[in-house]
Amino acid sequence: MSKKLHNFNAGPSVLPKNIFEKTSKSILNLNESGLSILEISHRSNQFKDIFSEARELVLNIAKLDSNEYSSLFLQGGASTQFLMVAYNFLYNNAGYINTGSWSAKAMKEAKLFGNVIELASSKDKNYNYIPKNYNNTSDLDYVHLTTNNTIYGTQFKSIPNFNQSIIADMSSDIFSRDIDYSVFDLFYAGAQKNLGPAGTTLVVIKKEIIKKIQREIPSILNYKIHIDKDSSFNTPPVFSIYACLLNLREIKTKGLESIESDNKTKADILYDEIDNNSCFVGFVENEDRSNMNVTFNLTDNNNSEIFEKICKESGVIGINGHRSVGGYRASLYNALQIGSVEVLVTCMKEVESLINKK
Ligand code: PMP
């Protein structure tokens with residue numbers, strides 16, 4: 001047996017163990033059908049059942065009515081949504097809240113279709129906080145925000161109120177907490193963090209906003225077509241969706257309230273250590289700290305070798321900060337066990353006691 005690893009990767013990332021077991025079985029023999037999940041037709045009844053259950057569960061977990069909203073599992077990652085959102089809905093002005101890299105990428109794509117107004121930015125402090133004051137927001141096609149910035153480790157603790165359509169990139173905190181999903185006209189998330197393996201992107205869209213589409217849009221980028229075709233305009237990523245379904249069942253059973261409480265417990269343990277350990281310092285302002293991606297630095301970078309060695313010996317992996325920021329980032333997605341956070345905290349304590357002995 002290899003030693004237990006504690007996987008803090010930012011995505012693709014840790015998923016519940018039983019999903020690996022069930023998906024492994026499905027590759028050999030899906031539900032005793034004699035066929036692999038990798039070879040069934042996406043038009044077969046077997047897959048149709050899988051897909052419709054996954055799509056229904058999404059709305060059910062988000063407490064949204066299927067008459068009002070549609071859930072889609074598309075390809076192209078969240079990055080394709082950066083442009084699809086603007087292609088379909090930006091005609092004059094759209095407001096973007098810039099909380100760093102991911103919002104900036106969304107803005108870059110949107111500029112191809114209309115006028116992008118930066119409603120607020122935290123660039124002045126290297127994106128270590130969530131801006132709270134926004135420029136005048138009247139007459140916008142929509143407001144776009146990133147609920148959780150995976151790179152900097154900032155998270156909107158509540159969704160600001162705008163009298164405009166709100167569109168959210170929820171890639172790194174989808175279904176990690178019990179929020180009111182009905183405040184959004186559209187939200188999207190690459191699957192590879194809290195939902196399942198890479199390969200599909202969840203989009204939840206209020207059907208009514210389809211009326212706002214005014215230009216001709218290539219079919220594959222047109223939300224109306226994906227809704228009309230029940231998310232099967234082209235071949236859906238069958239395997240990825242199957243794994244998402246298994247995870248969505250777990251999320252439904254556990255409930256968002258309980259998931260949120262566990263995620264908070266894990267984050268509190270780690271932030272507490274960062275704040276009380278003389279060798280570490282947190283990156284983000286306290287009130288905006290993400291419960292999903294915890295970013296921190298060593299107070300003295302000369303200790304990096306020793307910290308990383310201790311982590312490696314303890315099976316802690318994936319805590320290097322994003323290449324554009326450096327430092328450390330521990331991603332605490334739903335499936336990460338509290339025991340893994342405790343192991344990381346033990347590593348941090350060990351560094352402190354070794355340094356203090358010097
Ligand atoms: N938005 C956020 C918040 C992300 O964290 C990521 C990827 N980590 C993306 C968008 C891009 O997602 P994808 O790689 O699926 O295009």
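Me: How does the lining of the largest cavity divide into nonpolar, polar and charged residues?
Reply: Heads up: this is a predicted model, where local features need pLDDT of at least 70, side-chain atom pairs count only at pLDDT 80 or more, and totals for chains, interfaces and linings use all residues. Residues are numbered from 1 along each chain as its sequence is written, and side-chain values use heavy atoms, with hydrogens and water left out. Here Ala, Val, Leu, Ile, Met, Phe, Trp, Tyr, Cys and Pro count as nonpolar, Asp, Glu, Lys and Arg as charged, and the others, Gly among them, as polar. By class, the lining has 5 nonpolar, 5 polar and no charged residues.

Me: Which strand gives the largest share of that lining?
Reply: A cavity is a set of points on a 1 Å grid over the protein atoms alone where a 1.4 Å probe fits but cannot get out, and lining residues have an atom within 4 Å of a point. The lining includes Thr-295, Phe-296 and Asn-297. Strands are DSSP runs (E, at least two residues) and helices are H or I runs of at least four, numbered from the N terminus. The largest share, 3 residues, comes from strand 12.

Me: What is the volume of the second largest cavity?
Reply: Its lining is Phe-89, Asp-141, Tyr-142, Ser-165, Ile-167, Ile-209 and Lys-212, or 4 nonpolar, 1 polar and 2 charged. Volume here is the space filled by probe spheres set on the grid points, which are joined across faces, edges and corners. For the second largest cavity that gives about 30 Å³.

Me: Which residue of strand 8 stands opposite His-144?
Reply: Strands pair if DSSP finds at least two bridges between them. Strand 5 and strand 8 run parallel, joined by 4 bridges, and Leu-145 has Ala-168 as its bridge partner in strand 8. Opposite His-144 stands Ile-167.

Me: Are the residues on both faces of strand 5 buried or exposed?
Reply: Buried means under 20% relative accessible area and exposed over 50%, with partly exposed in between (1.4 Å probe, protein chains only). Val-143 and Leu-145 sit on one side, His-144 and Thr-146 on the other, and they are all buried.

Me: What angle does helix 4 make with strand 3?
Reply: Helix 4 packs on the sheet, touching strand 3, strand 4, strand 5 and strand 8, where contact means heavy atoms within 4.5 Å. Axes are lines fitted to C-alpha atoms (for helices over the stretch in contact), and angles run from 0 to 180 degrees between N-to-C directions. The helix 4 direction makes with that of strand 3 an angle of about 160°.

How values were computed. On a 1 Å grid over the protein atoms alone, a cavity is a set of points where a 1.4 Å probe fits but cannot get out, and a pocket is an open set with protein on both sides within 12 Å along at least five of seven lines; lining residues have an atom within 4 Å of a point.
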